[in-house]
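Subject: Structure handover

Hello,

Please find the structure below.

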Amino acid sequence: MRTAVLRLGHRVQRDQRITTHVALTARALGAEGMLLDSDDAGIERSISEVTQRWGGSFYVRRITNWKSEVKKWKEAGGKVVHLTMYGMNLPDVINEIVTDNLLIIVGAEKVPPEVYELADWNVAVGNQPHSEVAALAITLDRLNTLSGRDALKGQFTGGELNIVPSRRGKEVKSK
Ligand code: SAM
């Protein structure tokens with residue numbers, strides 16, 4: 001199973017912090033990268049600094065035509081999950097989606113209505129409004145658990161630093 005994230009509706013001033021958190025969460029929980037429907041080079045830069053320091057091959061790619069990216073993903077045999085509070089609740093559909101290569105769409109502001117049509121599944125992490133970061137984290141964690149991939153224990157290859165888990169304080173060693 002491969003997972004990538006498509007971040008829609010990013011507003012350059014307003015959403016920088018939360019979009020960065022979407023990318024960091026995706027990376028930490030094992031997604032391969034994030035497509036960013038925006039020309040904001042700052043996000044790409046800050047995530048590539050994280051990858052340089054902490055390893056792995058997570059990418060952020062700025063895109064200009066999200067529909068063609070969704071179509072390309074589907075043509076390559078992947079499936080598309082749109083996270084929305086209006087969708088089918090995650091526990092009711094997770095067994096259908098767990099084996100596929102998934103492009104997971106999260107919005108910022110209201111997403112274009114075509115997203116609901118193009119997605120193979122519109123999935124709610126509970127049918128209450130909350131946050132794209134929380135929705136993505138729970139979805140990836142449940143997918144990882146069901147597919148037997150323990151992303152929280154996974155090491156990132158390359159990079160400069162490793163954290164040594166400690167009961168108190170901070171221990172970091174160079175690779
Ligand atoms: N007001 C916007 C709308 O009506 O579409 C949604 C804003 S919400 C803060 C931003 C994103 O968080 C949504 O596009 C969706 O991807 C995600 N999200 C929020 N609550 C969710 C839920 N309960 N389940 C799944 N995704 C959710």
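The notes start with conventions, then cover the sheet, its strands and the helix pair.

This is a predicted model, in which local features need pLDDT of at least 70 and side-chain atom pairs count only at pLDDT 80 or more, while totals for chains, interfaces and linings use all residues. Residues are numbered from 1 along each chain as its sequence is written, and side-chain values use heavy atoms, with hydrogens and water left out.

Sheet

Six strands form an open sheet in the order β3-β2-β1-β5-β4-β6, with parallel pairing. Strands (E, at least two residues) and helices (H or I, at least four) are DSSP runs, numbered from the N terminus; two strands pair if DSSP finds at least two bridges between them. At the edges are β3 (59-62) and β6 (121-124), each of which pairs on one side only. From one strand to the next the twist averages 30°. Angles run from 0 to 180 degrees between N-to-C directions, and axes are lines fitted to C-alpha atoms, for helices over the stretch in contact.

Strands

Strand β1 (residues 3-7) pairs with strand β2 (residues 33-36) in the parallel sense over three bridges, and Arg7 has Leu36 in β2 as its bridge partner. The parallel pairing of β1 with β5 has five bridges; there, Val5 stands opposite Ile104 of β5. β4 and β5 also run parallel, joined by four bridges, and Val81 has Ile104 in β5 as its bridge partner.

Five of the five residues of β5 are buried, so β5 is largely enclosed by the rest of the structure. Buried means under 20% relative accessible area, computed with a 1.4 Å probe on protein chains only. Leu102, Ile104 and Val106 lie on one side of β5, Leu103 and Ile105 on the other. In a regular strand, side chains alternate between the two faces of the sheet.

Helix pair

Helix α4 (residues 90-97) and helix α6 (residues 132-146) have axes that come within 11 Å and cross at roughly 50°. In α4, Leu90, Pro91, Ile94, Asn95 and Ile97 meet Ile138, Thr139, Arg142, Leu143 and Leu146 in α6, contact meaning heavy atoms within 4.5 Å. The residues of this contact divide into seven nonpolar, two polar and one charged. Ala, Val, Leu, Ile, Met, Phe, Trp, Tyr, Cys and Pro count as nonpolar, Asp, Glu, Lys and Arg as charged, and the others, Gly among them, as polar.

Regards

Terms used: Buried means under 20% relative accessible area, exposed over 50%, partly exposed in between (1.4 Å probe, protein chains only).
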